[in-house]
Amino acid sequence: MSALLDVRDLSVAIGGRRVVEGVSFGLAAGETFALLGESGCGKSLTALALMRLLPPVARIERGNVEFDGRELFALPESKMRSLRGGGMAMIFQEPATSLNPVMTIGEQIDEVIRLRDGKEGRAVELLEAVGIPDAERRAGEFPFQLSGGMKQRAMIAMALAGEPRLLIADEPTTALDVTIQAQVLDLLKDLQRRRGMALLLITHDLGVAARMADRVGVMHAGQLVEVSDTKQFFRGPAHPYSRRLFASLPENLAKPPEVGGEAKEFLAVQDLTVHFPIRRGLLRRTVGQVRAVDGVSLKVSRGRTLAIVGESGCGKTTAGKAILQLITPTAGRVSLDGRDLDELAPRDVQMVFQDPFGSLNPRLRIGQIIAEGMTAQGIEGDIGALLEQVGLDADMASRYPHEFSGGQRQRIAIARALAVDPRLLICDEPTSALDVSVQAQIIALLRDLQARRGLAYLFITHNISVVDYLAHDVAVMYLGRIVEQGNVDEVLRGAKHPYTQALLAAVPRIDGTSGECLLVPGDPPSPARPPSGCHFHPRCPRVMDRCRAGYPGAVTLSATHRLHCHLYT
Amino acid sequence: MMPVILWSDALFFLLIAVTLGGAGWARRHEHLRASWAMVWASRRARAAAAVLAVFFAIGFVDSLHYRPQLPVEAGKPPAYSVEVLSALDALLTPLRTHTEKTYSAPLATHSFAKETQEAGGRDFPPLKYPGTHLFGTDKVGQDVLYLTLKSIRTGLLIGTLTTLIMLPAAVLLGIVAGYVGGWVDDVIQYLYTTLNSIPGVLLIAAAVLMMQVVIDTHPDWFATAAERADARLLALCAILGITSWTGLCRLLRGETLKLREMEYVQAARAFGVGPLAIMLRHILPNLMHIVLIALVMDFSGLVLAEAVLSYVGIGVDPNTISFGTMINAARLELAREPMVWWSLAAAFVFMFALVLAANLFADAVRDAFDPRAA
Ligand SMILES: Nc1ncnc2c1ncn2[C@@H]1O[C@H](COP(=O)(O)OP(=O)(O)OP(=O)(O)O)[C@@H](O)[C@H]1O
Ligand code: SF4
Ligand SMILES: [Mg+2]
């Protein structure tokens, strides 16, 4: 095969610092090459350099790129521009910011086509090609009317408008839910096969690479440390860094130790409900309710971890905040050790948040941040010891948050929560903003703290693959309700609810087994207008007439395993 | 000599004290020190700051007021003149006292208008102080350079005191509206939307005229003409402040809404930290850059506003020397044949220098403090 794209010895520098160093690889037509690496390793800059779209501060130091026999860095900008629409196209991570909010989807696609060959009117056809249902109507809609997955499809349609022979996809599914990710990846693979495109896929997710790529390149600190065939790579990576990546996958972490003795009920949540009023008009009348959390009942036992799993917008965060009384619940009871939570001091339950950059006040020193809870609760404590407990140095207390990395900040946030000696820690996606290797460290830390302090965790996550390695019990949430719950083995290995099964199947695994996964179509509906009957029925592959009529009652399969599905009633 | 402290002097000194205190505070905070270091790193900002410093020095010297002692008559207690002078007046005594009869062009040796001479016939009479008036003299023979230098204080006061007056209201109401929400937010929003929908000039004109009536009906409140003019200047600052806090308030409310949802604020709430402490510890320090940027950006706008308002007659007291009153006077001078252009030119050059320096400095401050600009 002659190479369509040939990158030789590419180096990019930003302000004297080499961020891409001597990267060389080739890509043949119809082939998929995955560029793997953790955040900041230079994978996006490599892609931007190929498109000659580098930010002004970055400079190509040396190297050359040949596309279809033409030297890209030697082309004049005008030639390059026509090549960008036609020969090579790019899609980005954040579909929301890559579309123009004031133009309809159809107009935006037509614009690209017009730039290319002066013809119009193929927008609808392209939208159909990327699997957008009701393409005729969607073409006339604005980006804000589309869900995240649909926006990404529209972006792909736009990229296809120029009939590119090389598609560069920079983390195309990172901002999407697993079920949507599965749909988009499937679409990309299908399009590639039909059009014979070459695909340069940039990702940090080993599972995505395993599922999509023919060949894999691993980037680390600006260098391409390993390039190999996908099968061979996943059988046994050669480079030490690649091996480290594998080792930190949640799949390869040890399972949590089973807590001995009788599992004593500790936190009890009864019918927790949070409805947000939707207000409209001049008088701000309430015209509806967003049922963010709609009657959730949970139990967490002392020293154990309960994971709440669900897709974006299903109400996980809202549930966590309502348990903590940060949001006043519309209805329901929360009690800890038999006492109502609103009578307890706030120190019993604490929270660790998702965004390590938004959870620390940038104007305060680490010491002040950690002391905040202690001062508010009037307790004494040793800040240095707390910092050491989460694996940081005691003398970091006098520094400011901006001096720390994401993982370190998350450790600080954990130390802050531990400062008031809570008994339950609510962790809201504490690792989803972190790289896999850092994620593994934080999970290990959380587990270590649990063993030492007997903490109970409520672990909120959208990533069902970390659950196995952290949780004892799992609750799966869909549109404000728990659809299935039980212990880890029952839910992850004996999933009965079609939604849980779909979630599990959608996770790209590194053994590549999810190729024939069960795809659930469509997007999660809005909690403001939940579908009648079983909320999952518009997407459920096993839907029956009964499902449209009424919400299924609870089915108890074992002492711990319960679910809501008409299949089992 | 009897020192006199006018209200505006006191506020101006307070402002300078606050600025110095703030500088000391900023030195102890790393992120502020870093941002200021970024400001000083720009050569343009340093030059602008130097120009501003000169203006502020002039304004400061012009704020040290006193009443000179009249010649002592034997056996009587010392008496003081009703005229209030400043240290600047004392420094510029030659300029202040070397008045001519009427207009004279810059550095002229002879008057601008012909006069009937004792010897018969009409001719340009020689000046008393030929060649010393750098910017010429005005209608009553006052040195224009002196007038422009005196104008500086007025401009600075308007530019700084106005923000000082409106700042507490804007910051307090903005943060409270954003953080507390609910009906408090509704009331505050209603307030500033209403204020905003009345044309500012109308509001200012009405308020200034009312103020004038109050001042005129209570002549006993003021010992000297300077105090009366000062009261009107302060009133103008207050009115400008009242009409201009809304923009900053709205900005701060929006930013507070965003900060309120930040996870560190949520974490503090989870610890049971009270709302007041959250606003002081977590919200206010993260808004300071907006306040600072608004402060320096508004300054030049207010200096210009003074000129415009005084030009249409609803600004400072007509006896107060200011850029606005100078420009107002120039309206008639420009209509003369031949034209008298130098008052306007002098006012323009000084005001331009002040506003340009302020704007350049404001730009540098914004670049250094605005996280989005980085
Ligand atoms: N303050 C609010 N006002 C109105 N609606 C809200 C509010 N907060 C959340 N919602 C809505 O409630 C639903 C649940 O939101 P929530 O943040 O709990 O989801 P989530 O499961 O945590 O999602 P993610 O995985 O994206 O964090 C969403 O539809 C959201 O739009
Ligand atoms: S109740 Fe019906 S629609 Fe809902 S999950 Fe079960 S089978 Fe699917
Ligand atoms: Mg969430």
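In the predicted model, helices α6(B) and α14(B) cross in a right-handed sense. Helix α6 spans residues 144-180 of chain B and helix α14 spans residues 342-369 of chain B; the two pack with their axes 10 Å apart and at an angle of about 40°. Because angles under 35 degrees count as roughly parallel and 65 to 115 as roughly perpendicular, this angle makes α6(B) oblique to α14(B). On the α6(B) side, the contact is formed by B:Val144, B:Leu145, B:Thr148, B:Ser151, B:Ile152 and B:Gly155. The residues contributed by α14(B) are B:Trp342, B:Ser343, B:Ala346, B:Ala347, B:Phe350 and B:Leu354. By residue class, the contact of α6(B) with α14(B) comprises 8 nonpolar and 4 polar residues, with no charged residue.

Chains A and B touch through 19 residues of chain A and 16 residues of chain B. On the chain A side, at least two residues each are supplied by β16 (349-352) and α13 (366-377). Of the elements of chain A, α13(A) gives the most to this side, with 4 residues. The side of chain A that touches chain B is made up of 9 nonpolar, 6 polar and 4 charged residues.

Strand β16 of chain A also belongs to an open sheet of 8 strands, arranged in the order β16-β17-β18-β13-β19-β20-β22-β21, with mixed pairing. The edges of the sheet are formed by β16 and β21 (554-556) of chain A, each of which pairs on one side only. On average, and with direction ignored, neighbouring strands of this sheet are turned by 20° against each other. Within chain A, strand β19 (residues 473-478) and strand β20 (residues 481-487) pair in the antiparallel sense over 6 bridges. In this pair of strands, A:Asp473 has A:Asn487 of β20(A) as its bridge partner.

Ligand 1 is surrounded by 13 residues, the closest of which are A:Phe276, A:Ala292, A:Ser312, A:Thr317 and A:Thr318. The largest share comes from α12(A), which provides 3 residues. The shell around ligand 1 consists of 7 polar, 5 nonpolar and 1 charged residue.

Note on methods. Residues numbered from 1 in each chain as written. Chains lettered and ligands numbered in written order. Predicted model: local features only at pLDDT ≥ 70, side-chain atom pairs only at ≥ 80, totals over all residues. Near = placed C-beta within 6 Å. Nonpolar A, V, L, I, M, F, W, Y, C, P; charged D, E, K, R; others polar. Contact = placed C-beta atoms within 7 Å. Axes fitted to C-alpha atoms, helices over the stretch in contact; angles between N-to-C directions. Parallel < 35°, antiparallel > 145°, perpendicular 65-115°, else oblique. Left-handed = near helix turned anticlockwise from the far one by under 90°. Pairing = 2+ DSSP bridges.
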